[in-house]
Amino acid sequence: MSFKKLWSVAWKELIQASRDPLSLAMLLGVPCMMLLLYGYALNFDVRHLRLAVQDEDRSAASRELLSSFVNSTYFDLVADLPAGADLARFTERREAKAVLVIPLGTGEALAAGRTAPLQLLLDGADANTASTALAYASALVGAANAARQSEAGGRVEVAPVAYEPRVWYNPELRSTHFLVPGLIGFILMLTAVLSTALSVVREKERGTMEQLRVTSLRPAELIFGKTLPYLLISLTATVLILVAARFLFGVEVKGPYLHLFLATLVYLLGALGLGLLISSVADTQAMAFQAGSLVSMLPAIFLSGFIFPIRSMPPVLQAITYAVPARYFNVVLRGVILKGAGLESYPRDMGFLILYAVVVLGLAYVRLARKEV
Amino acid sequence: MHALWSMIVKEFLQLRHDKRMIPAMIIGPVIQLLALGYAANLDVTHIPTVLVDQDRTPASRALVERFTGSGYFELVGAEDSPGGIDPWLVEGRAQLALVVGPGYGAALAAGRPARVQVIADGSDSNSSTLGLGYASQILAGLGAEIAASRLTATAAPVGRYELVPRVWYNPDLKSRWFYVPAVLAMVLMLVTMILPSMAVVREKEIGTLEQLIVTPLKPWQMILGKLAPFVVVGLFDMLLITGLVTGLFGVPLRGSLLLLTLLTLLFLCTTLGLGLLISTVVNTQQQAMGFSVYVLMVPMIYLSGLIFPIENMPRGFQLATYVIPVRYYANILRGIFLKGSGIGVLWPDALALVAIGVTVLGTAVLRFRKSLD
């Protein structure tokens, strides 16, 4: 393998990429756009839930309870419904996520020392938000009960068991810190696989692949030459994401940069290999895009632990995740970026990443080289 | 009319000729549905937990029993002191650590507050938030029991609130019911926005678009002919996925299938219009792919409320969601599937789709005609 020839292929590819500024801008700009989306817009942290209330009691107690709901900032009061209003219709139109019904006689029941039922109607279509709303409401009602108890007893009851939660690595439990490493894995997989696959298949479609094959280039020089520019572009995208995450969201890399770089390099080699493998199967760019997004984008979002925890999946799907490199990369990246760990903490995950890269690159090489003959 | 018909026939033949496109249009959606249906689950149980029990009394064992018996936590190991927790969390072998300090049992017996520490790996913010929530519930329950057992019989009863939740549409709060209908929107975007844009650009690239221009076909006939096959495939995918969603995942279809079909057609006008619009902006299939995936599809998925609730976004982003057609289609899907809504509730969403569809499709046709001249 001659490095001079390899370099000339890479240079040709780089020139070709630079003549397409739209695609290049997308390769570099899109990661930043996604980071902004994830950092600012997307989270599961539920606040300001739209709450409607149907207060049939209108007593001092019911007003006090309501104000504790509104003051919590978890709920925004959007409507005060009269008795007999059609509550089902109201949530169906999504005007409120939850309706709190305070029945007539609540104040009296409390004063008499009885239990006063409150009804909380939830729009379960968004299960996650509804669960959170239920948890908030339970906590608020619990607090109201505790306050009543202490007022009545005159003695503040000390909780017998003191619960002391501690959160390491991300003390404020911000979902941005959780999502950024996963986002890097997802974007790299997507850009590396799709851009490599499409760049090779494009030459096939236009017939220029034959021209390259009749040159004195050896298969390895051609293959590595074509992937090298995309390796560089993807690495640049990684740096951009890290810089943006640092300055916009305060996500700092706590571990050694060298380890971060090594892990990213191994992961990228696997991704580029996958792109090459797809290009050896697909004949048209449309086909390459379909196959590429199916084997790269979907697993990287859904089967990597990026958003959805792997432990919550059915066993068959959990078994499949072992073949998804993003799964290992996410573990390593979260470790290095958030926990300040080095690669030595993740020998198994790094081993799988290396194995994946070797197998996929090997397969791609065999398939592409065979076609040369 | 005859010319239009032969154009449509030609497009169908072309689509069928591309043998690998048909499986991509059927297998792709099915795989996407299976991945999302089984993997998209934010509920966590069996959180791997490492135990540090420095007390080793019957009381501490009873506490641990409560954690493991809840089903939310699973003990994966034990350490003698809190210092040993770090590697468990760094390497990801455990997500939580339960620390019962020395003197826990003695403090409980003496009526002093007994401390229990729970340490969470914040790098997975979502699971840790849930895990800490479960832990706090368990400890609060335990505390309430102990407090009740200590209460003197002479104390007067204090009135308490009791929260009675009732969840509509999704009583078991399955998050799958929220995510699965979203697949329909994603697949339709892929099949009726990205693929048509690539199909048109492909003709540009190959040069056959010029050949079409010199035929007596009018521009609107050409556009209709090009888009018709994708409408058929889109509707086919809609029926396929609706069948799987209800049959395989047990998501109810409470509303009318006819209404779903009609409103899906409205949605297709917006996606086809966007696809056509893309094809007038870009020159290569690679650009078409990049543009439609990164600039349109990904932000549209994320800002539509399909996965991340719109209520959780900052105000500016919430305003941006109003121009995204998927936002309205997501409401329609959840309304028809889960809530059994009719047009009486969904008309504002339908109207928004019509407005966006007319605007986008109109602009696309105008631009397309100009690019032909």
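Y169(A) sits in the loop between β5 (161–168) and α7 (175–206) of chain A, where helices (H or I, at least four residues) and strands (E, at least two) are DSSP runs numbered from the N terminus. The model is a predicted one, in which local features need pLDDT of at least 70 and side-chain atom pairs count only at pLDDT 80 or more, while totals for chains, interfaces and linings use all residues. Residues are numbered from 1 along each chain as its sequence is written, and chains are lettered from A and ligands numbered from 1 in the order in which they are written.

Most residues other than glycine have a negative phi. Y169(A), though not a glycine, has a positive phi of about 70°. Y169(A) also counts as buried, because 24 other C-beta atoms lie within 10 Å; the cut-offs are 20 or more for buried, 12 or fewer for exposed and partly exposed in between, with C-beta atoms placed from the backbone. Chain B has a residue of this kind too: R56(B), which is not a glycine, shows a positive phi near 55°. R56(B) belongs to the loop between β1 (47–53) and α3 (58–69) of chain B. With 12 C-beta neighbours inside 10 Å, R56(B) is classed as exposed.

In chain A, N330(A) is part of helix α13 (residues 325–339). N330(A) is buried because it has 27 C-beta neighbours inside 10 Å. Which residues does N330(A) contact, leaving aside its neighbours within four places in sequence? They are P181(A), G182(A), G185(A), S304(A), G305(A) and F306(A), a contact being two C-beta atoms, placed from the backbone, within 7 Å. As for V251(A), 79 residues from N330(A) along the chain, the two C-alpha atoms are separated by 15 Å.

Chain B has a helix α13 (residues 325–339) as well, with 15 residues. From first C-alpha to last, this helix reaches 20 Å, close to the 21 Å expected at 1.5 Å a residue, the expected span being 1.5 Å times one less than the number of residues. What about its cover? α13(B) is mostly covered, with 15 of its 15 residues buried. Just after α13(B) comes G340(B), with a positive phi of about 65°.

Zooming out, chain B comes to 14 helices and five strands. Its domain assignment (bounds like these come from an automatic or database assignment) gives domain 1 (7–40 + 172–372) and domain 2 (47–150). The C-alpha centres of those two domains of chain B lie 48 Å apart. Along its principal axes, the C-alpha trace of chain B spans about 95 × 45 × 40 Å. Of its 373 residues, 48% count as buried. Among contacts in chain B between residues at least 6 apart in sequence, 78% join residues at least 24 apart.

Finally, how do the two chains meet? The contact takes 100 residues from chain A and 94 residues from chain B. On the side of chain A that touches chain B, helix α6 (residues 127–153) of chain A gives the most, with 16 residues. Strand β4 (residues 115–123) of chain A and strand β5 (residues 160–168) of chain B pair in the parallel sense over nine bridges; strands pair if DSSP finds at least two bridges between them. In this pairing, P117(A) stands opposite E162(B) in β5(B).
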